[in-house]
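Have a look at it first, then read on.

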Amino acid sequence: MGELAVPRTPLDHRRGPDEAPVVLVAYADFQCPHCAHADGMLRALLDRFGGRLQVIHRHFPLTDVHPHAQLAAEAAEAAAAQGKFWPMHDRLYAAQDRLGERDLLRHAAELDLDVDLFGAHLVQRVFAARVRADWLNGQRSGVRGTPTLFVNDRRVEGVRGRDALAEVIRAAMSARG
Amino acid sequence: MTSPTSPPPAPPAVQATVGDWGPGPMSSAPVLAVRSIGPTMRRRLVLQYLGAAVLIASIAALEDLVPSMTGLAAWLLQDPSSTATAPLLAPWLHVLLLAGVALLLSLPLAMVYVRTRARLKYDETLVETVIVLPVIVSGILLVVKDSLALAFSLAGIVAAVRFRNNLKDSRDAVYILAAVGVGFAVGVGSLQVAMMLSLVFTAVELSLWRRDVGSDHERTLGMLCLPTATPLDIGRKQKGPQPVVKMAGAPPPLPLSPTAIEREADEVVLRVYAADVDEGKHTVEQVLDEMAKRYRLHEARSTGHGHVTLDYVVKPRKRHSMATIIDAVYERGAPLVLAAEVI
């Protein structure tokens, strides 16, 4: 089982409390349909485990097969700069067939973001380095496809379905006591 | 639910329009990295199997005129004591047809091998072997046929010649066995068995490859999107420092910096991504003090949202590679160093 090369950082986007005994890091791509499916499961698990689980999103855009993934990841960061990472995150997964440039601006407008600022961030590639950093540390952790999940810094392998993942999380909780 | 990123200080106002990204030629439809064979390969496979089927049907039709294959063996061995009837079909033509069947049934095996093996595991000599082996095996069996004496002779010859060879991948042995199986079936005249063996093997191998069964343990929730050309050994544990791996699907490299970096031929640029400029510099310089002959900070760029990029021009000491320097940066920098790379 692989280890997470870079554990939780202050810049990670987090859902759930910092004091949660289980931290799940997901390397994902906004244009990956499996990631959208997995994200639905993760949200259900967050509800199920309440404050005992924290989910972290890291970018791993597979740019050769998902042409919009890189810009979508930068768009999520641009939304984060205005305090709306997770609303943009959810919107991007919900509208995976609408990740073109115009669509991203429309999503920003619908989330009441400052569209001029948002667009400027994208045009200037302000957050490309941020996305690159996630991609690099994912690669270092052995990530090669999406979604790849790590529970308490250990890679989740061979798990099929929400219940099986819940078992892994429960086991990690037990290990923490 | 929390997000650690706080609203930013007001950056310079820049008007953005959609046109700034250019015409946007890419489709908005999601693309799945599904392994599949292309139309050309599909067409070739169909043609090869059709050709084999036609040949087999022709041979079967001709064999209705010939009582048994024994005649062919007798003719080949020029055994005057044989009472078998000589085939109506010219023996050389019969042998040629069988060799054609063996060849047509072995070509799909070789094509599947070429398509499904990763570059690192690919053995080009095996391709030739898989193509030629069925022809040779069928030829040998045509000669031996029912003769126990010839079978023993063959065993003696095979024992005398050493064929020991280490295969790069244990799965390659399966291809060798499949090729022998096809050749054997052709050689004993079970052409339909040979056809089915080749067909089933091709279908099973392509199916296993398409589903990436071997790496199923990597999948989470049974699903995984992959870049189109994923080197299979990425992510496996390797001894020693990890090499700098370039992988398909990487975001495009960022421009070095607005100003060109002046550097000596033996210097490289180390880029470090950090969550804190002071901590990042402290960690990197501590490592470079130990492992670099000389270094200088070329540029530190901040996004204004907590994230900073540090570009160092580095000349590593002889006993340290850049890979070991990057290892040390990751090891000592967590959690404030997010990533590091040589650019």
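1. Starting with burial in chain B: 29% of its 343 residues count as buried, where buried means that 20 or more other C-beta atoms, placed from the backbone, lie within 10 Å of the residue's own. For chain A the figure is 62% of 177 residues.

2. A word on the ground rules. This is a predicted model, with local features needing pLDDT of at least 70 and side-chain atom pairs counting only at pLDDT 80 or more, while totals for chains, interfaces and linings use all residues. Residues are numbered from 1 along each chain as its sequence is written, and chains are lettered from A and ligands numbered from 1 in the order in which they are written.

3. Chain B has 9 helices and 4 strands (DSSP runs: H or I of at least four residues for helices, E of at least two for strands, numbered from the N terminus). Its order is α-α-α-α-α-α-α-β-α-β-β-α-β. Chain A, with 7 helices and 5 strands, reads β-β-α-β-α-α-α-α-α-β-β-α.

4. Now the cores (buried Ala, Val, Leu, Ile, Met, Phe, Trp, Tyr and Cys joined through C-beta atoms within 7 Å). The largest has 89 residues, and Leu24(A), Ala76(A), Ala79(A) and Val329(B) have the most contacts inside it. Helix α2 of chain A (residues 69–80) gives the largest share, 9 residues. A second, separate core of 35 residues includes Val130(B) and Met195(B).

5. Leu24(A) is worth a click: leaving out residues up to four places away in sequence, its contacts (C-beta atoms within 7 Å) include Leu42(A), Leu53(A) and Val151(A).

Definitions and conventions. Buried ≥ 20, exposed ≤ 12 C-beta atoms within 10 Å, placed from the backbone. Contact = placed C-beta atoms within 7 Å.
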